[in-house]
Amino acid sequence: MRLLAATVRAGLGIALVAWAVATATFCLMRVIPGGPFSRERALPEAVREAMEAKYRLNDPLPRQYVDYLIDAARLDFGLSMDNPGRTVGEIIARGLPISARLGAAALALSVGAAFALGAAAAVGRGRWPDRVLAVVAASGVSVPSFILGALLLYWFSWRIPWLPAGGWGRPSHYLLPAISLAALPTAYLARLVRAGLLEVMRSEFMLTARAKGLSELRAVVVHGLRHTLGPVLAYLGPQAAAIMTGSFVVERIFNIPGLGRMYVQSIGNRDYPLIMGVTLVYVVLLVVFNLLSDLAARSLDPRLRGG
Amino acid sequence: MAASSRPRWMERLRRDRGAMTALAGLVLLGLIVVMGPWLSPYDETSQRLVRSFERPTAGHWFGLDELGRDLLTRVFHGGRISLAVGLMGALLSLALGVTVGGLAGLVGGAVESVLMRLIDFLYGIPLLLIVIALMVVLGQGLANVFIALGLVYWLNMARVVRARVAELRSQEFVAAARVLGVGTAGVFLRHVLPNAMGVIVVTATFMVPQAIFAESFLSFLGLGVTLPHASWGTLAAEGLKAMRSHPHVLAFPASAICLTMFVFQAAGEGLRRALDPREAELD
């Protein structure tokens, strides 16, 4: 019942966020100097006519606002200014699946690496696995993804030509960008797993597990890791955000035709409909992801359900 | 409490070798960035196109860039910009965050719940995305980078300060001060703020590398500082274009960014261990 109420509240929250961001984008697009609706900007005649028809610029402002909201709800963000004849929706539909697949790979990689590193560090506390984690954690938070990406690209596709330097389509295209994106979340999550495990290892049921004759490693893997799953799930939302913003630069470095690279291009070209459409999609996706990870954490860990 | 805990945190800090090393690193970094441009025999802007992309030599320790400018000198100057962005971003968000968080925590009630709802709401959106949107609206430039970072990164500070202040609010010495007739502002400035200083300093220290990172990210996207300023982010973005044949132009600014981020993070962790031992239990 509580879970149902939480789900309903989550749905309302998403709608609220989407409305607020859509409203903000509507206002911004009409305020920015040199924005899409100011007359200073030289536009191809076809684009201007299409835009005037599309945004019904002769209607009163409140009417425009309502129409805009209805269009946004239907995922219709209008026409791209720098890709004549293409709608923002088409561009997003082409780039998003690529970015989503890369992001999912990076997230899976970081969760897997975090559990492995965190468990090894907790079991080998104060010995070398712990130091490996310390180094990974320190470099994860100190090396920005675009620097790590450039480093990997330089060494593993140029100096030692093992992996493709960029592009998209084959499985080997995933590895270097996914590592670049996963470093920061791995650093964060691995410390979470380690701290959670160290706490669990002091508990009575772990004593029982050991008394039953389970090896330390088995006890940790079978009984301990389950209890770190809750906090890891709860922190997946911010990690997904880090991967998403990281993809802006990583996709450009590795020449991946995803949404991140298009977003960066649209910023460079001041292609406002595209910027605003992609921002809206990103924000809604992340808020949904945040809520899902929060719900998953709550349903898994009864201690979190109070709030 | 404030008076008696001061020697204790200093003692803890002094015995923490990692923290002291990191703080020494911070001082060194500050010195390098302040003194570097004066000590360098080269000018940041003087170009020698014939020596474009020359590798590091005894005369030019970091080599030359595309236009034949001394890279070491450019890294010194870039450090000034990057650290200025980091410190200004941290200061602005400190001022906003402490004000809003302190107000919410101290006043409580409807003000607190409205402000915190608003902050939670904004927090669900990735901060860097808001910074990017702001930079698109404000336009490029050093001042706008300060403004955009300050306007966005205070959210975390406000959350941290609110939590600490709300905790202090219910304590006896605050109640005693109120009973003695001290006004809200007096209670906040004289009794609550000194006790919240630990978390504020720690959070601000972590904010500096975040701001430096955000700026380098913006520069990479072409939204950061503009000429004549060049931050480490600008230099790294330039270096990326040429890194295949001339890796040194990326390697040096990139290392400067990473080292600075590391030193600030380590200093932040060290300060947290000393000032806020309860929160540092993770290790």
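**Close-up views of a predicted two-chain model**

**Figure 1. Helix 11 against helix 13 in chain A.** Helix 11 of chain A and helix 13 of chain A pack with their axes 8 Å apart, at an angle of about 150 degrees. Because angles over 145 degrees count as roughly antiparallel, helix 11 of chain A is described as roughly antiparallel to helix 13 of chain A. The model shown here and in the other views is a predicted one. The crossing of helix 11 of chain A and helix 13 of chain A is right-handed. On the side of helix 11 of chain A, the contact is made by Leu236(A), Gly237(A), Ala240(A), Ala241(A) and Met244(A), and these meet Tyr282(A), Leu286(A), Phe289(A), Asn290(A), Ser293(A) and Asp294(A) of helix 13 of chain A. Sorted by class, this contact of helix 11 with helix 13 of chain A has 7 nonpolar, 3 polar and 1 charged residues.

**Figure 2. Helix 4 against helix 11 in chain A.** Helix 11 of chain A also packs with helix 4 of chain A (residues 88-123), with an angle of about 125 degrees between them and their axes 10 Å apart. The two helices, helix 4 of chain A and helix 11 of chain A, are therefore oblique to each other, and helix 4 of chain A passes helix 11 of chain A in a right-handed crossing. From helix 4 of chain A come Ser99(A), Leu102(A), Gly103(A), Ala106(A), Leu107(A) and Ser110(A), which meet Gln239(A), Ala240(A), Ile243(A), Met244(A), Ser247(A) and Glu251(A) of helix 11 of chain A. The residues of this contact of helix 4 with helix 11 of chain A divide into 6 nonpolar, 5 polar and 1 charged.

Figure 3. Asn255(A) lies in the loop between helix 11 and helix 12 of chain A, and although it is not a glycine, it has a positive phi of about 55 degrees. Most residues other than glycine have a negative phi. With 15 other C-beta atoms within 10 Å, Asn255(A) is partly exposed. Asp271(A) is found in the loop between helix 12 and helix 13 of chain A, and with 23 other C-beta atoms within 10 Å it is buried. The C-alpha atoms of Asp271(A) and Met81(A) are separated by 5.5 Å, although these residues are 190 residues apart along the chain. Leaving aside residues up to four places away in sequence, Asp271(A) touches Ser80(A), Met81(A), Asp82(A) and Ser266(A).

**Figure 4. Helix 3 against helix 9 in chain B.** Helix 3 of chain B and helix 9 of chain B pack at an angle of about 130 degrees, and their axes are 7 Å apart; helix 3 of chain B and helix 9 of chain B are therefore oblique to each other. Arg74(B), Val75(B), Gly78(B), Gly79(B) and Ser82(B) of helix 3 of chain B make the contact together with Trp232(B), Gly233(B), Thr234(B) and Leu235(B) of helix 9 of chain B. The residues of this contact of helix 3 with helix 9 of chain B divide into 3 nonpolar, 5 polar and 1 charged.

**Figure 5. The surroundings of helix 9 in chain B.** Helix 9 of chain B (residues 232-242) is mostly covered, with 8 of its 11 residues buried. The buried residues of helix 9 of chain B are Trp232(B), Gly233(B), Thr234(B), Leu235(B), Ala236(B), Ala237(B), Gly239(B) and Leu240(B). They pack against helix 3 (71-107), helix 8 (184-220) and helix 10 (248-275) of chain B, together with helix 6 of chain A.

**Figure 6. The side of chain A that touches chain B.** The contact between the chains takes 30 residues from chain A and 29 residues from chain B. On the side of chain A that touches chain B, the elements that give two or more residues are helix 1 (2-31), helix 5 (128-142), helix 6 (145-159), helix 7 (175-201), helix 11 (236-253), helix 12 (259-269) and helix 13 (272-300) of chain A. Helix 13 of chain A supplies the largest share of this side, 7 residues. The residues of the side of chain A that touches chain B divide into 24 nonpolar, 5 polar and 1 charged.

**Figure 7. Val278(A) and the largest nonpolar core.** Of the 167 residues in the largest nonpolar core, Val278(A), Val283(A), Ile132(B), Leu149(B), Ala211(B) and Ala236(B) touch the most other members. Helix 8 of chain B gives the most to this core, with 18 residues. Not counting residues up to four places away in sequence, Val278(A) touches Ile92(A), Leu259(A), Met262(A), Tyr263(A) and Ser266(A).

Notes: Residues are numbered from 1 along each chain as its sequence is written. Chains are lettered from A and ligands numbered from 1 in the order in which they are written. This is a predicted model: local features need pLDDT of at least 70, side-chain atom pairs count only at pLDDT 80 or more; totals for chains, interfaces and linings use all residues. Two residues are in contact if their C-beta atoms, placed from the backbone, lie within 7 Å. Helices (H or I, at least four residues) and strands (E, at least two) are DSSP runs, numbered from the N terminus. Ala, Val, Leu, Ile, Met, Phe, Trp, Tyr, Cys and Pro count as nonpolar, Asp, Glu, Lys and Arg as charged, and the others, Gly among them, as polar. A residue is buried if 20 or more other C-beta atoms lie within 10 Å of its own, exposed if 12 or fewer, and partly exposed in between; C-beta atoms are placed from the backbone. Axes are lines fitted to C-alpha atoms, for helices over the stretch in contact, and angles run from 0 to 180 degrees between N-to-C directions. Angles under 35 degrees count as roughly parallel, over 145 as roughly antiparallel, 65 to 115 as roughly perpendicular and the rest as oblique. A crossing is left-handed if the near helix is turned anticlockwise from the far one by less than a right angle, and right-handed if clockwise. A nonpolar core is a set of buried Ala, Val, Leu, Ile, Met, Phe, Trp, Tyr and Cys residues joined through C-beta atoms within 7 Å.
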